[in-house]
Amino acid sequence: MLKGAIFSLHDVLVTKGTINAPLFEETLRLLRYLKARGVEPVFIGNHDWTVTSPDQSKPFRTLLEERLGPISYYIGGQNGMPYKPRADSTAHILSDKGWQRNEVLYVGNTTDDMKTAANGGLMFVNVMWHGVASPYGFQFDSPRDVARFVDCLCLGLDGWFWALEQGDLRVYALAPFTTLSPRYAQAHAYSENAKATSKHGAGDANFWGRLLAARIYFSGLADEIDYITAYPGHAPTSNATVISEALNILGQSLRKSYLPDLILRHTKAVKSQTARASGGSVGLDNQLNTIRLNPAPVRGVGGKPYKSPPARGGKRVLVIDDICTEGNSFEGARAYLRAAGAQTVCVSWLKTINKDYRAVSPTFGPFNPYIAQTFPTPIATTTHWYSSAISSHAAPTDLADVYNRYFSWAWPADI
């Protein structure tokens, strides 16, 4: 759960020179809102600031405390506080407050702020209301947008709807997917949006990207992984996932490289929903026989390729997919990454209701994961019942509430 937000002073609260009064008041509103929600804002800088007007001069800290009450204010070189962007600058604050990394956001604007957040392993909230200084981090154009993000996506969900954890089999989903079931009527709106976003590019990729990144970060999964990748579309020519930029930003923030082309589709696979709609079935071979691993994936969107395969030697890869039905895509990824010597954690936006998960046998393989394979059928699997992995029966209602509030969010009247 989010407990604190570290705010850089420079180009976040104010810019040097003059204070934009309306924008400063809006930023103070954000700070008051965080305190009201139980999230403590603290402030970090390498130099202390003074506010000067024609009739007086006062420390910037004094100005903030006049408006907010007592605050925690950390200046490099004072009281044992290291200078940013060193990793021990944010570590000093976390130790002082008793916070864990995945309980804190870093709110900044400059390249120096980006480095400070990355060095500390903190999610970087890049606020753009005083101008664009760094292209990195999750970008927010107003204090209201940050408040909405915190309220809906950082505090609005707690835990996973569906969690399958058995040995090296780890699969998680945010909420159930259904557009028909009366039992999950509250899930229909966000399910339709997720489907439109992932399949047709017509939904809201910003919402799903921010939501998924927030859950990965606050759940602690981010501390367990070494790389992030997304499962490819059904054809070799399929576009990258619509949340590719969000995954790239998450990787940058955590210093866990996003590998957009780690899993390659070499042959067109039958679309699962198409086969099921026509009364057919899609076996695991539909995935295993149409993918392979890339021995030289690129590091980040537009990055340079690795010189040797990164996903090996016990490294753990976070695999992202939009909607998990029976697990064929995840199991294809798990089989190939296991053959390369890597471990896997799988996360989907949503899990299709009433569909059991079929995990590939641990004895499957070995094989060369970097070349196309043709495996004979049937492929041995173990069934994990859908109902047995439901972790939170409140998740459908929680996500429905988050979804509705996110798109209609406004400042509370008393803030």
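User: In this predicted model, does Cys154 count as buried or exposed?

Analyst: The call rests on relative accessibility. Buried means under 20%. Cys154 has 1% relative accessibility, so Cys154 counts as buried.

User: And Cys152: buried or exposed?

Analyst: The cut-off is again under 20%. Relative accessibility of Cys152 is 0%, so Cys152 counts as buried.

User: How many disulfides does a search of the whole structure find?

Analyst: A disulfide is a covalent bond between the sulfur atoms of two cysteines. The cut-off for the sulfur pair is within 2.5 Å. For Cys152, the nearest cysteine sulfur is that of Cys154, 9.5 Å away, and Cys152 is in no disulfide. Over the whole structure, the number of disulfides found is zero.

User: What is the strand order of the open sheet of five strands?

Analyst: Strands of a sheet pair through backbone hydrogen bonds, either parallel or antiparallel. Here the pairing is mixed. Strands E9 (162–166) and E11 (227–230) each pair on one side only, as edge strands. The order is E9-E10-E15-E14-E11.

User: By how much are neighbouring strands of this sheet turned against each other on average?

Analyst: The average ignores direction. The turn is 20°.

User: Which residue in E10 is the bridge partner of Glu165?

Analyst: E9 and E10 (residues 169–177) run antiparallel, joined by five bridges. The partner of Glu165 in E10 is Arg170.

User: At about what angle does helix H11 run to E14?

Analyst: H11 covers residues 328–339. This helix lies across E10, E14 (316–324) and E15 (343–352). Angles run from 0 to 180 degrees between N-to-C directions. To E14, the angle is about 165°.

Methods. Residues numbered from 1 in each chain as written. Predicted model: local features only at pLDDT ≥ 70, side-chain atom pairs only at ≥ 80, totals over all residues. Heavy atoms only, no water. Buried < 20%, exposed > 50% of the residue type's maximum accessible area, 1.4 Å probe, protein only. Pairing = 2+ DSSP bridges. Helix = DSSP H or I, 4+ residues; strand = E, 2+ residues; numbered from the N terminus. Contact = heavy atoms within 4.5 Å.
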